[in-house]
Amino acid sequence: PLSGSVTEQMGGFTYGQTWEQEMSQYSQMENTTAFFVRYDSPRWFSFTTSVRQASMHDIGTQYNLFRMAPELHITDKLTLKDSFTNYMNQTRYKNEVTLIYTPSLKKYADSLKFELGVAQTYYQGGKQRNQVLFSTGFKL
């Protein structure tokens, strides 16, 4: 996948654009562009909003997302994040609560991250889907 971003920072605000282009699992080209604004308070709180548009070229599907994600920084290593996503051209909503742990490694600060989340997606007809998510991230 190809990806990139342009960001600017002013005070506690960060804003910018990200883009990504990749070949999906269905062998079709997928393009995604997002605009975001993030506010980081001096101590315990962050808030991110974004609008994203994605398109899949082979089947002509296009969808738009609006996401709000407040974060409560419980300690310098532990964060609680609640992410609400609205799929704008579909009647579908998703709420995800994630606990993020970033251990302090003496030599490599912020090089390892663990995330555990639960999510629930609501569909127009009353159908619901529940998920448990776990991810690990690291920087080399």
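This is a predicted model: local features need pLDDT of at least 70, side-chain atom pairs count only at pLDDT 80 or more; totals for chains, interfaces and linings use all residues.
Local features were considered at pLDDT of at least 70 and side-chain atom pairs at pLDDT 80 or more, whereas totals for chains, interfaces and linings use all residues. Residues are numbered from 1 along each chain as its sequence is written, and side-chain values use heavy atoms, with hydrogens and water left out.

The protein chain contains 0 helices and 9 strands, which are DSSP runs (H or I of at least four residues for helices, E of at least two for strands) numbered from the N terminus, and its pattern along the sequence is β-β-β-β-β-β-β-β-β. The C-alpha trace spans about 50 × 35 × 30 Å along its principal axes. Of the contacts (heavy atoms within 4.5 Å) with a separation of 6 or more, 24% involve residues 24 or more positions apart.

Of the 140 residues in the protein chain, 24% are buried, that is, under 20% relative accessible area with a 1.4 Å probe, protein chains only. The largest nonpolar core comprises 5 residues, namely Ala54, Met56, Tyr63, Leu65 and Tyr87; strand E4 (45–56) and strand E5 (61–73) each contribute at least two residues to this core. Such a core is a set of buried Ala, Val, Leu, Ile, Met, Phe, Trp, Tyr and Cys residues joined through side-chain atoms within 4.5 Å. When neighbours within four places in sequence are left aside, Ala54 is in contact with Glu30, Asn31, Thr32, Thr61, Gln62 and Tyr63.

Terms used: Buried means under 20% relative accessible area, exposed over 50%, partly exposed in between (1.4 Å probe, protein chains only).
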